[in-house]
Amino acid sequence: MHKLQVHQFPCLQDNYGYLVHDSVHNLTAAIDTPEIGPLNAALQQQGWHLTHIFNTHHHFDHAGGNLALKDQWHCTIVGSRTDAERIPGIDVTVGDGDSFDFGEHRVDVFDVSGHTLGHIAFYFPDDHVLFSGDALFALGCGRLFEGTAAQMWSSLQKLLPLPDETLVYCAHEYTQSNARFALSVEPQNADLQARARAIDQLRAAGKPTVPSLLGLEKATNPFLRPMSGDLQRTIGLVDADWVEVFARTRQLKDSF
Ligand code: ZN
Ligand code: FE
C-alpha cells in the first residue's frame with residue numbers, strides 16, 4: 001500500500017485547496033475547487049494531472065472552479081447525490097455510507113449536512129485522512145446556513161468514532177478566531193489553553209494550523225464537547241441535552 005499523498009495550498013482569502021494523489025494509478029483528485037490559478041499551479045508544481053474533483057458542497061468557494069477545470073482536464077466530478085443539481089458538472093453521485101475506490105485507496109463518504117444540505121465529507125480510512133469541508137473546522141464547525149443545529153450535531157457525531165490519529169483537513173484557516181471563541185466558552189480547558197498558544201505561534205510564523213488531529217479536536221473543539229461541564233456552566237445550560245448545548249454554542253459563535 002502506497003501512502004496517499006496530500007498537497008495543501010492556500011486559495012482566496014482563507015480557503016485551503018487540496019490535491020490527493022495515488023502514485024500507483026497516477027490519479028489526482030482536487031478536494032473542492034476554490035480557485036483555479038493556485039490549483040493549476042499546484043498541479044504543475046507536483047507534476048500531477050487532474051483526474052477527479054471531489055466536492056464537499058455547492059458553495060462557490062468549493063465548487064466555483066468545477067466547470068473550468070473539467071473543461072481543461074476532462075476530470076470526473078464526484079459530489080453529493082442529494083445536492084447533485086447544485087454541483088456544477090457533476091458526473092458521479094455519492095451519499096452517506098457509500099465507499100468507492102480511488103486507485104489503491106478506499107474513500108468513505110459521510111453526509112454531514114448542516115452548513116448546507118447535502119454537504120459531504122471524504123474519509124480515507126487506510127490513511128486516516130478526513131476532508132471535512134465546511135462541516136468540521138479546526139476548533140470550530142460551519143455556520144448553519146441550510147440545516148438545523150440538531151442535524152449538524154448528528155452529522156458531527158458521525159465523525160467522532162474515527163480514530164484519534166485521523167488528520168482533519170478542513171477548508172478554511174479560521175482556527176485563531178475559533179480559538180478565541182472556544183476559550184470564551186470553555187475557559188478551564190487546559191488542553192484548549194495549550195492549543196490556543198500553539199496556534200498563535202503557528203500563525204505568528206505564517207504557518208497553517210490545518211490539518212489537525214481528530215483526537216485534539218475531541219479534547220478542545222467546543223462543538224464536539226457539549227458534554228463538558230465547564231462549557232455547560234459557562235453558557236448556563238448545566239445538565240441540558242447535548243443537542244441543546246450544541247445549538248446554544250453555535251448561536252453564541254454566530255454573534256461572537
Ligand atoms: Zn461553505
Ligand atoms: Fe467555504
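1. Which backbone oxygen does the side chain of glutamine 232 reach? In this predicted model, the side chain of glutamine 232 extends to the backbone oxygen of proline 226, at a distance of 2.9 Å.

2. Tyrosine 16, by contrast, is 216 residues away along the chain, and the C-alpha atoms of glutamine 232 and tyrosine 16 are separated by 32 Å.

3. Asparagine 15 is found in strand β2, residues 15–22. Is this residue buried or exposed? Asparagine 15 counts as buried, with a relative accessibility of 5%. The side chain of asparagine 15 forms a polar contact with the side chain of aspartate 61, at 3.0 Å. Aspartate 61 is one of the residues touched by asparagine 15; the others, not counting residues up to four places away in sequence, are Phe9, Pro10, Pro34, His62, Ala171 and His172.

4. How many disulfides does a search of the whole structure find? The search finds zero. For cysteine 11, the reason lies in distance: the closest cysteine sulfur, in cysteine 170, is 13 Å from the sulfur of cysteine 11, which is too far for a bond. Cysteine 170 is likewise in no disulfide, and the nearest cysteine sulfur to it, that of cysteine 141, is 12 Å away. Cysteine 11 is buried, with a relative accessible area of 2%. Cysteine 170 is buried as well, with a relative accessible area of 2%.

5. Lysine 218 is located in helix α7, which comprises residues 214–220. Lysine 218 is partly exposed, at a relative accessible area of 25%. A polar atom of the lysine 218 side chain lies 3.5 Å from the backbone oxygen of leucine 162. Leucine 162 is among the contacts of lysine 218, together with Leu160, Asp164, Leu224 and Arg225, when residues up to four places away in sequence are not counted. Lysine 218 and aspartate 164 are 54 residues apart in sequence, while their C-alpha atoms are 8.2 Å apart in space.

Definitions and conventions
Residues are numbered from 1 along each chain as its sequence is written. Chains are lettered from A and ligands numbered from 1 in the order in which they are written. This is a predicted model: local features need pLDDT of at least 70, side-chain atom pairs count only at pLDDT 80 or more; totals for chains, interfaces and linings use all residues. Side-chain values use heavy atoms; hydrogens and water are left out. A polar contact is a pair of N or O atoms within 3.5 Å; within protein, one must be able to donate a hydrogen and the other to accept it, and residues adjacent in sequence count only if both atoms are side-chain atoms. Helices (H or I, at least four residues) and strands (E, at least two) are DSSP runs, numbered from the N terminus. Buried means under 20% relative accessible area, exposed over 50%, partly exposed in between (1.4 Å probe, protein chains only). Contact means heavy atoms within 4.5 Å. A disulfide is a pair of cysteine sulfur atoms within 2.5 Å.
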